[in-house]
Amino acid sequence: MGGPDYIELYRRARAAVPSRSKTPEEWGRRAERMNEGNLLDNSYTRDFLSAVDISGCESVLDVGCGVGNLLIPLCGKLKRGYGLDFSPGMLEAARANAKKAGLENATIVLRSWEDDWSDIPPADIVIASRCLDVDDMAWALQKLHAHAQRRIYVTYRIGPSYLDEAIYEAIGRKLIPRPDHMLVVNILKQLGMKPKLSTIRTEDKHSAYPDFEAFRKRVEWSLDTLSSDETRKLRDFFENLPRGTDDERVHKHPIEWALISWEK
Ligand SMILES: C[S@@+](CC[C@H](N)C(=O)[O-])C[C@H]1O[C@@H](n2cnc3c(N)ncnc32)[C@H](O)[C@@H]1O
């Protein structure tokens with residue numbers, strides 16, 4: 001026996017990170033932006049879907065389904081699907097998207113990670129994409145596992161922060177790294193699963209900012225309220241960003257996701 005207790009290491013690393021989880025209302029205000037453009041015209045969605053093995057499967061459960069960008073295409077290929085999310089705004093968009101796609105086999109339910117899922121039927125495939133924002137990772141992974149009949153797919157951001165490290169440096173804020181994605185892999189191993197790991201790399205599609213206000217809002221989404229000194233420094237950083245073709249400021253920040261999957 002022996003070896004590190006990854007479950008506890010994750011808990012400790014998570015507790016050290018100052019940023020708080022977003023509320024359902026904050027996510028709801030994001031729904032419109034997440035729903036922009038063609039749902040499938042997005043390299044993340046395409047790469048995630050192409051990694052999901054649906055052979056021998058009839059059903060999917062999508063936890064933190066957002067606007068339904070993964071749930072809806074999967075319901076198009078399977079007999080039935082459930083989408084859970086704790087944000088009414090996201091669910092409204094997901095229901096509208098399912099209707100637009102002519103789907104009648106997608107059940108979209110207001111439900112959080114913490115709620116009781118006992119009335120949600122188990123599914124062949126369970127996914128949790130870009131929503132593993134939890135204090136107890138082992139508990140969340142086991143909850144997904146318990147609801148799966150065949151395969152589970154999750155994604156978790158690679159890297160110490162959701163935001164470009166250069167921004168922390170520019171505003172003088174200390175970066176306390178988020179729990180590493182390898183902790184998620186090792187927790188699964190500790191729980192006796194056999195996880196597989198690959199990566200999805202995307203460009204942040206919202207990388208053009210018409211004005212400083214738009215950029216400040218993006219940064220505050222990740223860092224909470226900025227002090228007046230931090231705001232001044234951020235403005236300097238913004239003023240030095242290159243200009244795009246429509247005179248907007250461009251801040252490119254490639255994003256990598258760990259795609260972690262395992263079987264029952
Ligand atoms: C970044 S979005 C991801 C949406 C979608 N899964 C995707 O990858 O495009 C995160 C989603 O998780 C949901 N979420 C965040 N915390 C949650 C919680 N505690 N319980 C249920 N859903 C949650 C948010 O409302 C949001 O829709």
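Tutor: A residue is buried if 20 or more other C-beta atoms lie within 10 Å of its own, exposed if 12 or fewer, and partly exposed in between, with C-beta atoms placed from the backbone. In this protein chain, 31% of the 264 residues count as buried. The model is predicted: local features need pLDDT of at least 70, side-chain atom pairs count only at pLDDT 80 or more, and totals for chains, interfaces and linings use all residues. Residues are numbered from 1 along each chain as its sequence is written.

Student: What does the largest nonpolar core contain?

Tutor: A nonpolar core is a set of buried Ala, Val, Leu, Ile, Met, Phe, Trp, Tyr and Cys residues joined through C-beta atoms within 7 Å. The largest one here has 49 residues, and Val154 and Ile187 are among those with the most contacts inside it. A second, separate core has seven residues, including Phe215.

Student: How are two packed helices described?

Tutor: They are described by the angle between their axes and the distance between the axes. Axes are lines fitted to C-alpha atoms over the stretch in contact, and angles run from 0 to 180 degrees between N-to-C directions. Helices are DSSP runs (H or I, at least four residues), numbered from the N terminus. Helix 6 (residues 137-146) and helix 8 (residues 181-190) pack at about 60°, with axes 10 Å apart.

Student: Which residues make the contact?

Tutor: Helix 6 contributes Met137, Ala138 and Leu141, and helix 8 contributes Val184, Ile187 and Leu188; residues are in contact if their C-beta atoms, placed from the backbone, lie within 7 Å.

How values were computed: Helices (H or I, at least four residues) and strands (E, at least two) are DSSP runs, numbered from the N terminus. Two residues are in contact if their C-beta atoms, placed from the backbone, lie within 7 Å.
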